[in-house]
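These entries record what I looked up in one protein structure.

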Amino acid sequence: MSVQRSQSSVKPGQKAAYTVQVSTENNGSAANVSVALVAQPSSQKPTFTSGCAKGDGTAACTVSSVSDKQPADLDAQIPVASSATSATSVKLTATASIVTSVKWTPPSASETVAVTAAASASPAKTSAGGSASETTLPLGPIPDLNGVSSSLIGAGNASSLFPAIVPSATPNSSPAIQPQGAKRDAQPVSDSSALGLGKPGLTGQVAGLIALALAIMLTVTRLSLRKRFGKARKQGS
């Protein structure tokens, strides 16, 4: 008889798995062998999961026959309850027995699996509630980051950040309009012309009008000369 554990530790809510092996000694064999399971603490209920001729799912298993050359391998488990937070280990004990008239001591074996406490991880706070790991920068200069210093610009007069703008001097009046040395606020003479001859736009318009008048005069003169010559020819003929 032997019991082997499948893992060294489990947590509450998990199952501690075992393998129970039953065999005989001295080239003997046995039939209808009964194997019973007991767990410590007793509040945990062990069961067979496979290998039994009868009794899978219970704590009592029946094996048809075993021998030293053909042992019976039985799978068992102890489901550790989620509420068993005070348990530090679970122990499985398997005891084999047969019906016989000979007085004997039933063989048994046991194995222990540690129960470790489940890690209590508090849920991380959302951004709405704020997280303890968040770092809030104070108002004012920002601390040095990787040796590079930076600071915030405080509120105040920002005129020093822009170049000064100086108004340019008022240009002198055109010599064609005002004589040199005349006051800027002097009123124009009543007999003076409203058109300034010093302005290039007005000068071009006046020149155009003069050219147009000359062209009209030349045209009229030419027409009148033609009429006179025409009358003279008619009278001479």
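**Entry 1: overall figures.** I first looked up burial: of the 237 residues in the protein, 16% are buried (under 20% relative accessible area with a 1.4 Å probe, protein chains only; exposed is over 50%, and partly exposed lies in between). I note that this is a predicted model, in which local features need pLDDT of at least 70 and side-chain atom pairs count only at pLDDT 80 or more, while totals for chains, interfaces and linings use all residues. Residues are numbered from 1 along each chain as its sequence is written, and side-chain values use heavy atoms, with hydrogens and water left out.

I then looked up the surface, which comes to about 18,300 Å² of accessible area, with 56% belonging to carbon and sulfur atoms (Shrake-Rupley method, 1.4 Å probe; for residues, only the protein chains shown count as cover).

**Entry 2: secondary structure.** Helices (H or I, at least four residues) and strands (E, at least two) are DSSP runs, numbered from the N terminus. Among contacts (heavy atoms within 4.5 Å) with a separation of 6 or more, 61% join residues 24 or more positions apart.

**Entry 3: the core.** Which residues touch the most other members of the largest nonpolar core? They are Val 20, Val 35 and Leu 74, in a core of 30 residues. Strands E3 (15-22), E4 (29-40), E6 (60-67), E7 (72-79), E8 (89-97) and E9 (108-115) each supply at least two of its residues; E4 gives the largest share, five residues. A nonpolar core is a set of buried Ala, Val, Leu, Ile, Met, Phe, Trp, Tyr and Cys residues joined through side-chain atoms within 4.5 Å.

Leaving out residues up to four places away in sequence, I list among the contacts of Val 20 the residues Met 1, Val 3, Val 35, Leu 37, Leu 74 and Leu 92.

**Entry 4: Gln 77.** Beyond its neighbours within four places in sequence, its contacts include Lys 15, Tyr 18, Lys 45 and Pro 46.

**Entry 5: the open sheet.** Five strands form an open sheet of mixed pairing, ordered E2-E9-E8-E4-E6. E2 (9-10) and E6 each have a single partner strand, so one side of each lacks a neighbour in the sheet. E4 and E6 pair antiparallel over seven bridges (pairing requires at least two DSSP bridges). Ala 36 stands opposite Ala 60 in E6.
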